[in-house]
Amino acid sequence: MILDSSILVAFERRRFDLERLLTDHAPPVIAAVTAAELLIGVERANTPERRSRRESFVQNIFARVPIIPFDMAQARLYAVHFAELASRGEIIGDRDLQIAVTALSLGHDLATLNAREFQRVTGLRLVDVSAYTVP
C-alpha cells in the first residue's frame, strides 16, 4: 500500500488512525513526491514551534516508511495517464498523478482521503479509509 500525503497530514492533526490502518494492511510506502509534500509543510511553517513539530513528525515518518523514487518507468506511465486524463478532460494535480503512477507501477493500492481526485486514474486501486478517520 502507498500512502497519500492526505493520510499523513490527517494523522499529524489527529484526525486519522494511522496505527490501526497499518495494523490492518501490509507495510506501507510513500512516493518521493509525498516526501516533498511533507517537507513543503515543514518549510511553510509560520512559527519556530510549528516548524520544529512538523520536522519531528516528518523525520519520524521517513524513518518508518520506505520512500519510492520516481524513475523513468514511472515517468512513462505518468505520460500515458496524463494523456488519457487530458483526453477525457479530467486532469488531476501533477503531484497526485505522480503518486498514482507510483502506486500503479508497484501494483500497490493507494490509501488517500482524496478518493474523488484519484478515482479518475484508470486501474488505480483505492483503499477505503473511511473507517480510520477520527471525528
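**Notebook: charges and core**

I began at arginine 50, which I found in helix H4, residues 48-64. The model is predicted, and I kept that in mind throughout.

**Entry 1, the positive patch.** Arg13, Arg14, Arg15, Arg50 and Arg53 form a positive surface patch. I then checked the accessibility of arginine 50, which has a relative accessible area of 31% and is partly exposed.

The largest nonpolar core holds 21 residues. I noted the ones with the most contacts inside it: Leu3, Phe16, Leu21, Ile30, Ile61, Ala111 and Val129. At least two residues of this core come from each of helix H1 (5-12), helix H2 (18-24), helix H3 (32-43) and H4. Which helix gives the largest share of this core? I found H4, with four residues.

I counted eight salt bridges and wrote up several of them.

I took glutamate 19 and arginine 64 to begin with; their closest N and O atoms are 3.2 Å apart. Glutamate 19 sits in helix H2 and arginine 64 in helix H4, so this pair links distant parts of the chain, 45 residues apart.

Next I looked up arginine 95 and glutamate 37, a salt bridge with the closest N and O atoms 3.1 Å apart. Arginine 95 is in helix H6 (residues 94-106) and glutamate 37 in helix H3, so the pair ties together parts 58 residues apart in sequence. I noted arginine 95 as partly exposed, at 44% relative accessibility. Glutamate 37 has a relative accessible area of 16% and is buried, because buried means under 20%.

I also checked arginine 120 with glutamate 117, where the closest N and O atoms of the salt bridge are 3.8 Å apart. Arginine 120 is partly exposed at 27% relative accessibility, whereas glutamate 117 counts as buried at 17%.

Methods: Residues are numbered from 1 along each chain as its sequence is written. This is a predicted model: local features need pLDDT of at least 70, side-chain atom pairs count only at pLDDT 80 or more; totals for chains, interfaces and linings use all residues. Side-chain values use heavy atoms; hydrogens and water are left out. Patches are made of residues with over 30% relative accessible area and no salt bridge: like charges are joined within 9 Å, nonpolar side chains (Val, Leu, Ile, Met, Phe, Trp, Tyr) within 5 Å. Accessible areas come from the Shrake-Rupley method with a 1.4 Å probe; for residues, only the protein chains shown count as cover. A salt bridge is a side-chain nitrogen of Lys or Arg within 4 Å of a carboxyl oxygen of Asp or Glu. Lys and Arg count as positive and Asp and Glu as negative; His and the chain ends are not counted. The place of a charge is taken as NZ of Lys, CZ of Arg, CG of Asp or CD of Glu. Buried means under 20% relative accessible area, exposed over 50%, partly exposed in between (1.4 Å probe, protein chains only). A nonpolar core is a set of buried Ala, Val, Leu, Ile, Met, Phe, Trp, Tyr and Cys residues joined through side-chain atoms within 4.5 Å.
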